[in-house]
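Okay, thanks for coming, everyone. I've got a two-chain model to walk you through, so let me put it on the screen.

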Amino acid sequence: MKKLDRKQMAARVARDIPEGAYVNLGIGLPTLVADYLPKGREIILHSENGILGIGPKPPAGEDDEDLINAGKEPVTLLTGGCYFHHADSFAMIRGRHLDFAVLGAFQVSAQGDLANWHTGAPDAIPAVGGAMDLAVGAKKVVVMMEHLTKQGESKIVERCTYPLTGARCVDRIYTDLAVIDVKADGLHVVETVEGLSFEELQRLTGVPLKRLASAA
Amino acid sequence: MIDKFVATPAQALADLRDGATVMIGGFGNAGMPAELIDALIAQGARELTIVNNNAGNGDTGLAALLKAKRVRKILCSFPRQVDSWHFDALYRAGELELELVPQGTLAERIRAAGAGIGAFYTPTAFGTRLAEGKETRRIGDRDYVLEYPIHADYALIKADRADRWGNLVYRKSARNFGPIMAAAAKCTVVQVRETVELGALDPEAVVTPGIFVKRVVKVVPAQRKAA
């Protein structure tokens, strides 16, 4: 089978984001999606720290310490972009104004529970940021993650063993092996990577999967 | 004549007492009022409760305040950073109390304090360990968690320009927590790059009206220390 690399995963997610969408990309892997948004579509990226209309990274030497994204990396502002304070920024998130949130994850359960903020290790320093707000607030919450842990265990699980970020909040899961929709009656496989059969994906995944009758 | 301009950061913080709750603006270094934090360290107040999105980076600013052991408790959403070693050490040693708050709940609790709201229900964190022990309520078809405002004695924030009435405009994403912290504190102290005459700020574009601001200190770039 041909596993997707990180860039291919980002391109796959980007393909599903429609013209005119307001989108928040989480820190880490999801941030890569910005580089693969289809040319010709006007898509507005939101950042928790108070930006709508994030543009590409600035050229070397042109960083502005007052213009950073939620990952604290230097960014630029698109023409037409704007700034606002933190309470307005999270009103956009919780108030269901964002069309998409793309989040990373440690685990997603068969019911769409998301765990992405805490490993649960007793000595871990907890940090949550805006993850819990995005999980409950965006109209569509999609997760982007490797299908398996480094130890080969499925990150799609019956019940999350890591502390939850949000309950029943994930709509779709993009992995390096498949695209899977979370629905009321379970997990529906939308597509698998080239050379990976449904049966093999099922064998690798910790919970029962359904074949989607017609791909979304 | 109203004149909120104060000559130095030290003068602006002279009456800050031990045990005060102090909001500090900024998200990472953007909007971090570095010179006011330096003045707070020099001023010597102890047993502080600090409200900030993070818990300090590197060895300067908020991290230096923590290192000087002036802080009893911190409320923030994202303390863990690659360079948050002073926070990490104090937290692990049990010398610093942490109240971890989801970022949007942190912002809304600050906003609620400034707006005179007694409490509010938010869907954020329902069903997670950050809602444990909190009152919850089902409203319509959603579950919510009851959250209370965060009031402060002082807010230390950074803006770009101010007039002597304390009207403020900010610069780019450095605005972040400034406007809501300004309203939530009894005494809001602002450091700015530039002070201007009354009337020089476009009234349509004032972001924080002066009613929320007590003191303004101009920090000239020459006095700036490396961040």
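So, starting with chain B: its secondary structure comes to six helices and twelve strands. Before I go on, keep in mind that this is a predicted model. Along its principal axes, the C-alpha trace of chain B runs to about 50 × 40 × 30 Å.

Now chain A. Here we have four helices and 13 strands. The radius of gyration is 17 Å, close to the 17 Å from the globule rule for 216 residues, so chain A is as compact as a globular protein of that length. Its C-alpha trace spans about 50 × 45 × 30 Å along the principal axes. Buried residues make up 43% of chain A, and residues 24 or more positions apart account for 62% of its contacts with a separation of 6 or more.

Next, the inside. In general, nonpolar side chains in soluble globular proteins tend to be buried together. In this model the largest nonpolar core has 131 residues, and the ones with the most contacts inside it are A:Val143 and B:Ala184. Which strand gives the largest share of this core? That's β9 of chain B, residues 152-162, with seven residues. If you want to zoom in on A:Val143, leave aside its neighbours within four places in sequence, and you'll find it in contact with A:Leu103, A:Ala105, A:Val108, A:Leu114, A:Val170, A:Ile173 and A:Tyr174.

Okay, on to where the chains meet. The contact takes 30 residues from chain A and 35 residues from chain B. On the chain A side, the elements that give two or more residues are α2 (86-94) and α3 (131-137). α2(A) gives the most, with five residues. Sorted by type, the chain A side divides into 16 nonpolar, seven polar and seven charged.

Let's stay with α2(A) for a minute. Is this helix mostly covered or mostly open? Mostly covered: seven of its nine residues are buried. Those are A:His86, A:Ala87, A:Ser89, A:Phe90, A:Met92, A:Ile93 and A:Arg94.

A:Arg96 has a positive phi of about 65° although it is not a glycine. You'll find A:Arg96 in the loop between α2 and β5 (100-103) of chain A. Buried or exposed? A:Arg96 counts as exposed, because it has 12 C-beta neighbours inside 10 Å.

After α4(B) comes B:Gly94, and its phi is positive, near 75°.

Last stop, the loop between β6 and β7 (136-139) of chain B, where B:Ala125 sits. B:Ala125 has a positive phi of about 80° although it is not a glycine. With 28 C-beta neighbours inside 10 Å, B:Ala125 counts as buried. B:Ala131 lies in the loop between β6 and β7 too, and B:Ala131 counts as buried, because it has 22 C-beta neighbours inside 10 Å. Setting aside neighbours within four places in sequence, B:Ala131 is in contact with B:Ala125, B:Phe126, B:Thr136 and B:Val145. And if you'd like a distance to click on, the C-alpha atoms of B:Ala131 and B:Arg175 are separated by 29 Å, with the two residues 44 apart along the chain.

That's my tour, so over to you for questions.

Technical notes: Residues numbered from 1 in each chain as written. Chains lettered and ligands numbered in written order. Predicted model: local features only at pLDDT ≥ 70, side-chain atom pairs only at ≥ 80, totals over all residues. Core = buried A, V, L, I, M, F, W, Y, C linked by C-beta atoms within 7 Å. Buried ≥ 20, exposed ≤ 12 C-beta atoms within 10 Å, placed from the backbone. Contact = placed C-beta atoms within 7 Å. Nonpolar A, V, L, I, M, F, W, Y, C, P; charged D, E, K, R; others polar. Rg over C-alpha atoms; globule rule 2.2 N^0.38 Å.
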